[in-house]
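Here is a short report on a chain-to-chain interface and on one helix packing. Please look over the sequence and structure first.

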Number of protein chains: 2
Amino acid sequence: MIIAEAEQHQHQIDLAMIENAAQRINGRAVKTPLLEAPLFNEFLGLRVLFKPECLQKTGSFKFRGAYTKLSRLAEAEPGKPVVAFSSGNHAQGVAHAAQLLGLSCTIVMPDDAPVIKLENTRSYGANVVTYDRYTEDREAIAAAIAAETNAEIVRPFDDLDIMSGQGTTGLEIAKDAIEAGTRVDHVFCPAGGGGLLSGIALAVKSYMPDTSIWFAEPAGFDDVIRSLATGTRQDADFQTRTICDALLTKSVGVRPFKVIQEYVSGGFAISDDEALSAMFLAFQYLKVVVEPGGAAAFAALLQQRERFADSTVAVVLSGGNVDPAVFSECLAKRGDVQRR
Amino acid sequence: MIIAEAEQHQHQIDLAMIENAAQRINGRAVKTPLLEAPLFNEFLGLRVLFKPECLQKTGSFKFRGAYTKLSRLAEAEPGKPVVAFSSGNHAQGVAHAAQLLGLSCTIVMPDDAPVIKLENTRSYGANVVTYDRYTEDREAIAAAIAAETNAEIVRPFDDLDIMSGQGTTGLEIAKDAIEAGTRVDHVFCPAGGGGLLSGIALAVKSYMPDTSIWFAEPAGFDDVIRSLATGTRQDADFQTRTICDALLTKSVGVRPFKVIQEYVSGGFAISDDEALSAMFLAFQYLKVVVEPGGAAAFAALLQQRERFADSTVAVVLSGGNVDPAVFSECLAKRGDVQRR
């Protein structure tokens with residue numbers, strides 16, 4: 001009901017909503033630092049400021065939006081339960097936010113989700129309901145639970161509270177850069193449903209209007225690139241495969257897309273190999289663990305390094321929930337990026 | 001000459017020196033956040049706040065002390081060159097601090113040091129002089145360079161400027177915990193030459209006198225444990241082997257030892273396997289890359305978890321400069337810690 005009420009007044013996020021979200025998550029979310037590796041800057045011929053959201057609570061930026069949404073909900077309708085469907089980072093973000101706020105929480109997850117993800121979500125105190133992804137519809141299951149228990153459905157990106165929460169990532173980038181006296185020419189961010197990208201774009205453009213915003217998508221899931229080109233929301237190609245599991249969304253959200261059309265300069269599609277190379281370089285130079293989808297924006301910058309030569313770029317490393325086996329793969333492969 | 005002058009006034013570090021160091025490194029060093037993994041707290045039956053110095057410039061806390069020392073030197077004797085001997089984290093910390101301050105810098109390194117470490121040190125702009133570790137004496141080489149070039153020798157731990165710089169790590173832990181309203185019962189820190197441990201102990205005890213300070217050493221290199229037991233500085237046993245290369249020091253420094261005797265509660269010796277388990281858990285729950293020596297304090301807490309059950313513990317992860325092959329080993333082994 002929160003969305004509906006908010007929409008009576010508000011059809012799109014604005015800076016005030018993001019500033020309000022920042023106050024809500026203060027002391028609850030990690031204020032992640034901007035990391036810089038001088039050796040890597042020299043190696044690449046660029047100055048890169050990394051925003052490591054892999055260090056965020058629950059291992060990804062998703063906690064920011066979830067906590068923002070749930071804290072607004074808990075104020076407006078105290079004690080209202082929540083339900084979400086996700087096999088990934090959104091599930092953990094919602095579950096932990098609900099735990100901190102004392103809200104009853106149900107997460108609908110596929111029964112073949114990795115055991116570690118099922119276990120983690122339960123460990124945050126959520127009630128996990130599993131479904132067969134080949135025969136059942138998770139949205140219908142979530143809707144039935146919501147109707148039965150009078151619960152609020154917490155959608156992963158097409159939601160103004162979620163978008164404004166994710167936007168706090170951009171607010172922190174802008175404020176930290178301004179405080180340090182650093183001019184940021186470009187911001188690179190991964191795109192799935194567009195919640196993070198739209199929130200960051202609005203926040204960064206509000207403080208630094210001359211900064212350009214770019215995004216990365218896995219090859220085949222380059223629906224946002226095609227949506228911008230055609231001017232209408234396109235679907236991803238689910239026949240293709242990618243290791244960037246965090247970025248597997250059918251299409252960009254309606255609300256995020258409007259913001260992206262207005263504020264974002266363009267996007268780049270990256271391959272699995274490029275994601276693995278970026279993960280290795282983050283290991284080598286930054287000492288952070290990044291999952292494939294979380295490394296997509298960094299991979300895009302590496303791909304486009306000549307175009308962005310000699311500029312200062314902020315790169316969002318959006319999550320770190322990666323299996324040891326996949327991480328071993330990036331270590332064995334190593335980065336094959338050439339020194340400038 | 002800075003040490004000699006300082007010692008005319010000052011024989012030991014105090015809180016004012018550490019506060020002054022904090023001002024010097026402000027905006028130069030990363031103010032690392034306190035990270036917490038709610039899942040891991042539940043898993044372990046403890047509340048742990050991690051201080052990830054692996055995210056520090058040059059990949060370890062060593063940059064804090066080096067920048068403090070060199071910025072004081074650059075003020076007192078502008079343009080004076082520096083020389084240091086180290087095959088590891090101290091070399092990179094000194095080289096990068098010198099680069100930022102525009103000081104000429106020579107690092108004496110063994111000729112069989114890993115190529116990546118030689119390359120990194122050169123990339124920070126240092127002049128690297130190699131020696132044969134079986135036939136030559138690095139201290140004599142450094143002393144000869146210092147005499148020839150009128151350079152200041154930057155020692156790794158037995159130095160009040162270095163100790164006060166490393167102590168800023170403890171200052172940040174204390175101030176962040178107090179700001180968050182969190183009572184910290186214990187702090188765990190690795191011990192090599194004692195620069196970090198002594199600085200942290202003094203800073204933490206100044207702000208939180210009821211907090212106990214503990215340290216970790218690799219088995220065989222438990223010279224600080226034996227030094228505290230006997231009341232005199234003991235030597236490490238260099239016949240033993242450890243993967244914790246960052247903690248290979250002959251003995252604790254004279255100045256650090258005095259502080260440790262006064263403020264530190266005790267230490268624990270940890271095995272290679274325990275270090276690898278701690279590295280894996282830091283990967284799994286915190287998404288940070290920690291080197292074996294950097295994980296020693298965490299390994300000690302895991303070893304002693306029953307003794308410290310139900311308390312709140314701050315753990316210093318002191319560095320992240322680890323080869324991919326060694327990191328792969330921790331991923332293959334995984335942590336074998338039992339859920340409480």
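Chain A and chain B share six residue pairs in polar contact, both residues at pLDDT 80 or more. The elements that give two or more residues to the chain A side are helix H3 (38-44), helix H6 (115-123), helix H12 (272-286) and helix H14 (324-333) of chain A. That side divides by residue type as follows.

The model is predicted. The contact draws 34 residues from chain A and 34 residues from chain B. Together the two chains bury about 2800 Å², with 68% of it on carbon and sulfur atoms. On chain A, the residues A:Leu39, A:Lys287 and A:Pro324 supply 24% of the area buried against chain B, more than any other three residues.

Now a helix pair within chain B. How far apart are the axes of helix H2 and helix H4 of chain B? The distance is 9 Å, and helix H2 (residues 15-25) packs against helix H4 (residues 62-76) at an angle of about 90°. H2(B) is therefore roughly perpendicular to H4(B).

H2(B) brings B:Met17, B:Asn20, B:Ala21, B:Arg24 and B:Ile25 to this contact. They meet B:Arg64, B:Tyr67, B:Thr68, B:Ser71, B:Arg72 and B:Glu75 in H4(B). By type, the residues of the contact of H2(B) with H4(B) are four nonpolar, three polar and four charged.

Conventions. Residues are numbered from 1 along each chain as its sequence is written. Chains are lettered from A and ligands numbered from 1 in the order in which they are written. This is a predicted model: local features need pLDDT of at least 70, side-chain atom pairs count only at pLDDT 80 or more; totals for chains, interfaces and linings use all residues. Side-chain values use heavy atoms; hydrogens and water are left out. Contact means heavy atoms within 4.5 Å. Buried area is the accessible area (1.4 Å probe) that two parts lose on being put together, summed over both. A polar contact is a pair of N or O atoms within 3.5 Å; within protein, one must be able to donate a hydrogen and the other to accept it, and residues adjacent in sequence count only if both atoms are side-chain atoms. Helices (H or I, at least four residues) and strands (E, at least two) are DSSP runs, numbered from the N terminus. Axes are lines fitted to C-alpha atoms, for helices over the stretch in contact, and angles run from 0 to 180 degrees between N-to-C directions. Angles under 35 degrees count as roughly parallel, over 145 as roughly antiparallel, 65 to 115 as roughly perpendicular and the rest as oblique. Ala, Val, Leu, Ile, Met, Phe, Trp, Tyr, Cys and Pro count as nonpolar, Asp, Glu, Lys and Arg as charged, and the others, Gly among them, as polar.
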